Amino acid sequence: MDITTETISSLRKQLIAGDIEAVDIVEALDERIKATEPSVHGYLRFDKERAIDQAKSADLSKPLGGIPIAIKDNINETDEFCTCGSKYLESYRAPYNATVIERLKDAGAYCYGRTNMDEFAMGSSTEHSAFQKTNNPWDKDRIPGGSSGGSASVVGARSAIAALGSDTGGSIRQPAALCGCVGMKPSYGMVSRYGLVAFASSLDQIGPFSRSVEDSALVLQAIAGYDPHENTSCREPVPNFSEHLGKSVKDLKIGVPKEYFGEGIDPEVRALVQKSIDWFSKEGAQVEETSLPHTKYAIAVYYIIATAEASSNLARFDGVRYGHRTSEATDPISTYLKSREEALGTEVKRRIILGTYVLSSGYYDAYYNRAQKVRALMKHDFDEAFKDFDLIVSPTSPTTAFKAGERLDNPLQMYLADVFTIAANAAGICALSLPCGFTQENLPVGLQLMGPRYGEPTLFQASHAYEQAHDWWKTIPSIA
Amino acid sequence: MEYEAVIGLEVHVQLKTRTKMFCGCANRYGDEPNQNTCPICLGYPGALPSPNKEAIVKTILAGRMLKCEIPDYSEFDRKNYFYPDMPKNYQTSQLHHPLCDKGEVALHKYAFPKESQENPEASLNKVVHLNHIHLEEDVAKSTHYDDHSRIDFNRAGTPLMEIVTEAEINSADEAYAFLKSLQQILIYGDVSDADMEKGQLRCDVNISVRPKGETKLGTKCEVKNMNSISGVRRALVHEIARQIEIVSSGGSITQETRRWNDALGETTVMRSKEDAHDYRYFTCPDLMGFQTRPSLFEEAGKRLPELPQEKKSRFMDSLDLSEYQAEVLASDRRLADYFEEALSKTKESVSVANYIINDFLATEPDLDSPKIPAQQFAELAELVKVGTISSKQAKQVMTYMFEEGGSPKDIVKAKGLVQISDTSSLEPLCQEAIDKNPKSVEDFRSGKKAAVNALKGYVMKQTKGKANPQLVDEILLRLLG
Amino acid sequence: MSAEKIDVHYVAKLARIELSDSEAEAFSSQLADVVAHVQELNEVDLSKADSLIEQQGAGENHLREDEPFPGLPRDPVLANAPESSEGEIVMPKIVE
């Protein structure tokens, strides 16, 4: 077994056949982690002994029996730390399991390793983690993307089989593209958010990082489905995704939105994405240009709605019930002011201030209310487009991984990194990024496919077909 | 110059549910601190709310009892402000789409304080309109020590209904009557126990004064911290006087929040307008909006009780009770039910009402589980009706019922309380009364018909009260005639 | 809607975050950039938006039955608290 080339499905076959044992996976991963982590720093914590215990007791008859999954550090698991990349939660121990953790365990998987992230998932480079910088496994001078940069980097570095992340404006797909792995953002409501530390409630979704599309479908199958703990959870039965794998893309109607191919795209990215689109045509899909007219407003809409919700969601980090409390507190007000000043990072403060501003008296209609209306129009654009097309295709990110520190002083430019991924969150639809080639500098490029809400089966079908016809995912970074 | 007060109330009502508003923790008072908590009501990272259907149904029921309009669609908003007893530092509440719009409460005579009921200036039957009713979550409870405070989150997240009136209450007595009427209706619907002293009903008042006839509103103050309905009345009497004094001596009112101190009988400044909140309301993205029709509206409809005033009218019109009797019995749904249970066994409604109001209530019974079965009052009324015992004896029977227990029939038998109703034994005694009281006989014959009572009293005394009084009357009149 | 200068100190006070002067200054100009960027929303024709939002609002009710559900044991709750005493969470004194 070479752990760098295995997938969940290949490991499951070997486990079931008795060729390997679950603990062999832990040992092999441990070796790989030792080799890659000194340059990647994608994990915040991992506990090999605990993983071995869990591997030994794994029920191999379950769909993910014996498979370790790395978890972004903003998903609660009982008795584990859950820092969200923030000093504020450095000492917090989760007293409960997120629904996705319960579901993974029910499916026989176990959690191995907690991954780095931008503080409270706010960022596109993982440089806003309070604890460490994570490097891109393809070039350690570059960022891994964000906010789920830890999960993307360890799956990209092949030091995790699969991982969970969260995606509010592209936080799974953008780092997946930049790290050369498959990153999937399910439709809003498909995966329970219960236990995911909220950034922006109406946009957040948990989704898988994986080496292959098939693995993405396997993990989503395990974690998806109605959860009575979440009021916005979808009540529709979850389709069997595997049934849709292996079908061709013939006769699928694929839209190419012109707004996603304008200026500002790296020419190499553009060329690789175009090549992928040509492949779909060649395979018999009906590829046509389409329009999503409100695309240009996505960033504005996103930064108003996401920060507004975040300003409210993060108000609970107040130094009262858990987390950091300043030693200078003399009354409640100073407890809040100082605890938050001391323990929240600059980007988080910046977004809380912006979100508070757009909701404040006199500005609500001009900003928040207007943004909600434009959001409805964006959603309508997709509804109209999906009347004509099964899927929409675009680059995941306009550029490849940028150099560390490059955009730290310019928040607006950093925000623009999410330009192609935000719309799917705003519209609540599903989207997936998968590798579609490498640039001259050997940096991975991601192709984004978007499907209608609950259109995951077709999304997996087309992604899988593309993946099977290309060998991008089999290329391994030479970081170790 | 004459002034009038303009008062609006914000009434918070704890709903009777098993679980909290957005989580499955017990909605229960008196447990160990922080015993009924979970990630949701503690505002833990990652926890999400699930709305309690029962609390929504009860709020709609309150709205229907209070003649509100129930909009088809409702949703929750977040009200953002920091406070240590608020776990998420926003309160899930309703601003744009509350469960109930408008509504009203009529101020009936008996809702006013006793001493004001006969006051010709009391605004009997005035209708106070509601602005709306919305549903939200309660905050935790903090206790203050010398150098720190402690917080118990058991109450955090329990369902709380807020009833907001229009500013059309004009006196402390009206505010009192409003709260009494409201309380009665809420208890009737089993929406809340609504005990102000237990914090189940809490009331903040907004009050301003203006010269009578003026249409513009004066500057208002908010007054908080009243712990009983009479406390609200006292606070208002004081605050109205304070404001009138300031205004009439040429001063002006500062807009502020004041705290009522019931022991000192005064209000003091709590915070000024400069600290006014900017609540940054927005629709809660964790909660889906919901339709009130058909199911929630109909579920509330199934539970609509006969309201106190309707019941009172029925008691007067169909059961011949006086207004006072009807008012007392209808004032408490349990008492009314008890009364009606007795009436399933007799038609003597007036007698039964008298027994319950004059005698039974004097024993301060536990109306949740009364020791005396209601049917016993029916049995008693029947015994009087058929003449087995006199009304006077009925009183004696009740004394035994309350003190020793047992059914009226058994008591009558055991204590030998049967009324003497045969002429052959009473006639000799009546003759004896006439013979021994010539003065009374003379008075009677000279026209003082009331003198017969002295003769009757003699017979009653001789029979230890067992003689049938009507029969004694008949015999005496016949012998004297 | 015009791009007004954000009163960062007022907003920070609402958000209960103390900012240093240099932080406030940096935020002020960075947020001005963001606010200037979002002004582009002014050009959008919103005439169809309200009816679209209304359509999205309609759906079936997702409400919880009033059944108890186990909560948390007290120990981990108190262990997470910065300070606690006799089962309660301790705060610097609240003066109302």
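A: A residue is buried if 20 or more other C-beta atoms, placed from the backbone, lie within 10 Å of its own, exposed if 12 or fewer, and partly exposed in between. By that rule, 66% of the 480 residues of chain A are buried. This is a predicted model, in which local features need pLDDT of at least 70 and side-chain atom pairs pLDDT 80 or more, while totals for chains, interfaces and linings use all residues. Residues are numbered from 1 along each chain, and chains are lettered from A in the order in which they are written.

Q: How many helices and strands does chain A have?

A: Helices (H or I, at least four residues) and strands (E, at least two) are DSSP runs, numbered from the N terminus. Chain A has 15 helices and 11 strands.

Q: Which strands pair with β5(A)?

A: Strands pair if DSSP finds at least two bridges between them. β5 (residues 182–185) of chain A is antiparallel to β6 (residues 205–210), with two bridges, and to β10 (residues 430–438), with three. G183(A) has F209(A) as its bridge partner in β6(A) and stands opposite S433(A) in β10(A). Both faces of β5(A) are covered: V182(A) and M184(A) are buried on one side, G183(A) and K185(A) on the other.

Q: How many residues does each chain bring to the contact between chains C and A?

A: Two residues are in contact if their C-beta atoms, placed from the backbone, lie within 7 Å. Chain C brings 39 residues and chain A 44. On the chain C side, α2(C) gives the most, with seven residues.
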